[in-house]
Amino acid sequence: MDSTASASFASLWDEVSGTQPDPDLWVVIATLAAALVVVTPHGLWRLSRNAITIAHEGGHGLVALLTGRTLTGIRLHSDTSGLTVSRGKPTGIGMILTAVAGYTAPPLLGLGGAALLGTGRITLLLWLATLLLLAMLVMIRNAYGALTVLVTGGTFVLVSWVAGPQVQAAFAYAVVWFLLLGGVRPAFELQAKRARGGAGDSDADQLSRLTHVPAGLWLFLFHAVSLSALLGGGRWLLGL
């Protein structure tokens with residue numbers, strides 16, 4: 001019985017970690033266009049930005065745990081804002097890295113996804129994304145946040161189990177393009193808010209208080225990470 005279970009697990013792992021054929025170039029271009037459509041117009045972005053908020057707050061939460069802080073909960077709101085609460089030393093490298101992780105998480109996740117797709121690991125990407133969403137769901141502390149993560153995670157499960165290889169590939173590429181493109185816009189939005197005198201408690205401002213480095217330099221870091229991830233990830237996705 002143990003040998004049967006081991007064989008089944010090995011077979012499942014081979015299926016998940018194995019490579020799949022790259023989609024045609026037109027599919028890659030089409031998914032890029034689709035991602036642009038949901039990121040650029042304000043109305044669609046107002047809706048799709050919820051997914052970027054999931055990645056943003058998930059980044060805060062994951063780095064908080066990795067740096068030894070105690071993650072107490074994550075809240076996602078209908079206005080696409082979010083809040084991640086962790087306990088621990090209020091200053092120091094752990095708090096700094098946790099604050100940095102928000103705006104950098106979506107583009108870096110997109111870059112990691114592009115690296116997986118560049119090696120043909122479409123199934124592995126879908127499964128890893130599903131596992132991350134399930135782990136995040138445990139820490140959600142409000143109904144809207146739970147619904148948002150459940151819908152997002154359910155979409156990944158549905159595509160992973162029901163859709164054929166071509167649909168899975170198109171979905172995976174669309175998600176990664178969305179993270180890369182959608183990871184760029186929030187930093188510009190934050191910059192615009194700060195220029196108007198708003199967002200005084202933003203991640204950049206918190207980092208400024210923690211490090212005594214001007215918030216503008218932290219904004220520059222967010223821009224640098226998101227744009228570099230877009231360029232690097234885009235090259236991988238396009239096979240350049």
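This is a predicted model: local features need pLDDT of at least 70, side-chain atom pairs count only at pLDDT 80 or more; totals for chains, interfaces and linings use all residues.

Residues are numbered from 1 along each chain as its sequence is written, and side-chain values use heavy atoms, with hydrogens and water left out.

**Pockets**

First, the terms. On a 1 Å grid over the protein atoms alone, a pocket is an open set of points where a 1.4 Å probe fits, with protein on both sides within 12 Å along at least five of seven lines; a cavity is a set from which the probe cannot get out, and lining residues have an atom within 4 Å of a point. Points are joined across faces, edges and corners, and a volume is the space filled by probe spheres set on them. Helices (H or I, at least four residues) and strands (E, at least two) are DSSP runs, numbered from the N terminus.

The largest pocket has a volume of about 1300 Å³. Its lining takes in 48 residues, with Ala51, Ile54, Ala55, Leu133 and Leu179 nearest the centre. Elements giving two or more residues to this lining are α2 (25–39), α3 (42–66), β1 (70–76), α4 (93–118), α5 (122–139), α6 (143–162) and α7 (165–182). Helix α3 supplies the largest share, 14 residues.

The second largest pocket comes in at about 820 Å³. Among its 34 lining residues, His56, Glu57, Ser81, Gly82 and Tyr103 sit closest to the centre. Here the elements with two or more lining residues are α3, β2 (82–87), α4, α8 (185–195) and α9 (203–211). Once again α3 gives the most, with 10 residues.

What classes of residue make up the lining of the largest pocket? It has 36 nonpolar, 12 polar and no charged residues, where Ala, Val, Leu, Ile, Met, Phe, Trp, Tyr, Cys and Pro count as nonpolar, Asp, Glu, Lys and Arg as charged, and the others, Gly among them, as polar. The second largest pocket has 12 nonpolar, 13 polar and nine charged residues in its lining.

Alanine 105 lies in α4 and has 11% relative accessibility. Leaving out residues up to four places away in sequence, alanine 105 touches Ala55 and Gly59, contact meaning heavy atoms within 4.5 Å. Threonine 98 is also in α4, at 7%, and with the same exclusion it touches His60, Val63, Ala64, Thr67 and Arg69.

**Salt bridges**

The whole structure has four salt bridges, each a side-chain nitrogen of Lys or Arg within 4 Å of a carboxyl oxygen of Asp or Glu. Here are three of them.

| Pair | Closest N to O |
|---|---|
| Glu189 and Arg49 | 3.0 Å |
| Glu189 and Arg185 | 3.2 Å |

Shared partners join Arg49, Arg185 and Glu189 into one network. Glutamate 189 is in α8 and arginine 49 in α3, so their bridge ties together parts 140 residues apart in sequence. Arginine 49 is buried at 15%, whereas glutamate 189 is partly exposed at 21%.

Key. Buried means under 20% relative accessible area, exposed over 50%, partly exposed in between (1.4 Å probe, protein chains only).
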